Each structure stands twice: as structure tokens, then as C-alpha cells.
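Reader: I would like to learn how to read the features of a structure such as this one. Please show it to me first.

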Amino acid sequence: MEQKKSLAHTSLLVLSLLSGQDLYGYQMITELERRSDHTFQMKEGTLYPVLKKLENSGYVTAYEAEANGRTRKYYHITQKGLKQLARESAEWSAYAHGVNSVLGFVTG
């Protein structure tokens, strides 16, 4: 299957990753790839603008912490971000249901 080059729902994916724990950028990239069974391979040039947008919207906050002798910038989902995640998840679910219905994957 040809991999889609753009990620139209990156904020949904990033918020979902952060709903489980605080992560730094490279962790998000590798975790997204792992959870998606290598379907999504996000680049830093895609991730960091999304994180900045989420931060400016108040959906995530950033802080620095030391890990293994290195200072890393971690991202944390806010209460506002959790509400946005719920909204985007519901929208995606409705969209996916519609697509699956057209493709014949939904019965009844």
C-alpha cells in the first residue's frame, strides 16, 4: 500500500499520543510510527509546527527536563487539549464510519 505523504489529522494524532503521557519530539515520532504499525512516519518538520500550533491554542504546554544527561523539551496535554481531543476523535469516528459505509465495511 502506498503511504500517504501528508498527515491531514496530525493534531488528533499528537493529542492522542500526549493523552497517555508527556513526551518529547523524537518520542512522539517513534511512538506514532510504532502504534501505527509504520503507517505514519512523521518528520520533525511536520511535528514541530503542529506542536507550536497546539501550544498557541492552549492544548499543550511545554517544559524542559533532564533525561539521561540531556535537557529535553517535553509536551503535556492540557484540560483544554483533552476536550479538543474528544471533539476531534468524535469527528474522526463519524468520518471513518461514513467512509467505511461507502466501502461496504459497515453492515446494517
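Reader: Is His 38 buried, partly exposed or exposed?

Author: Some ground rules come before the case. This is a predicted model, in which local features need pLDDT of at least 70 and side-chain atom pairs count only at pLDDT 80 or more, while totals for chains, interfaces and linings use all residues. Residues are numbered from 1 along each chain as its sequence is written, and side-chain values use heavy atoms, with hydrogens and water left out. Buried means under 20% relative accessible area, exposed over 50%, and partly exposed in between (1.4 Å probe, protein chains only). His 38 has a relative accessibility of 44%, so it counts as partly exposed.

Reader: At what angle do the axes of helix 2 and helix 3 cross?

Author: Two packed helices are described by the angle between their axes and the distance between the axes. Axes are lines fitted to C-alpha atoms, for helices over the stretch in contact, and angles run from 0 to 180 degrees between N-to-C directions. The axes of helix 2 (residues 25-35) and helix 3 (residues 44-56) cross at roughly 115° and come within 10 Å.

Reader: Which residues of helix 2 and helix 3 meet?

Author: Contact means heavy atoms within 4.5 Å. From helix 2, Gly 25, Tyr 26, Met 28 and Ile 29 meet Glu 44, Leu 47, Tyr 48 and Leu 51 of helix 3. Leu 47 touches Val 14, Gly 25, Met 28, Ile 29 and Met 42, leaving aside residues up to four places away in sequence.

Reader: In what order do the strands form the sheet?

Author: Two strands pair if DSSP finds at least two bridges between them. Three strands form an open sheet in the order 1-3-2, with antiparallel pairing. Strand 1 (23-24) and strand 2 (60-67) each have a single partner strand, so one side of each is left without a neighbour in the sheet. Strand 2 pairs with strand 3 over eight bridges, and Tyr 63 stands opposite Tyr 74 in strand 3.

Conventions:
Helices (H or I, at least four residues) and strands (E, at least two) are DSSP runs, numbered from the N terminus.
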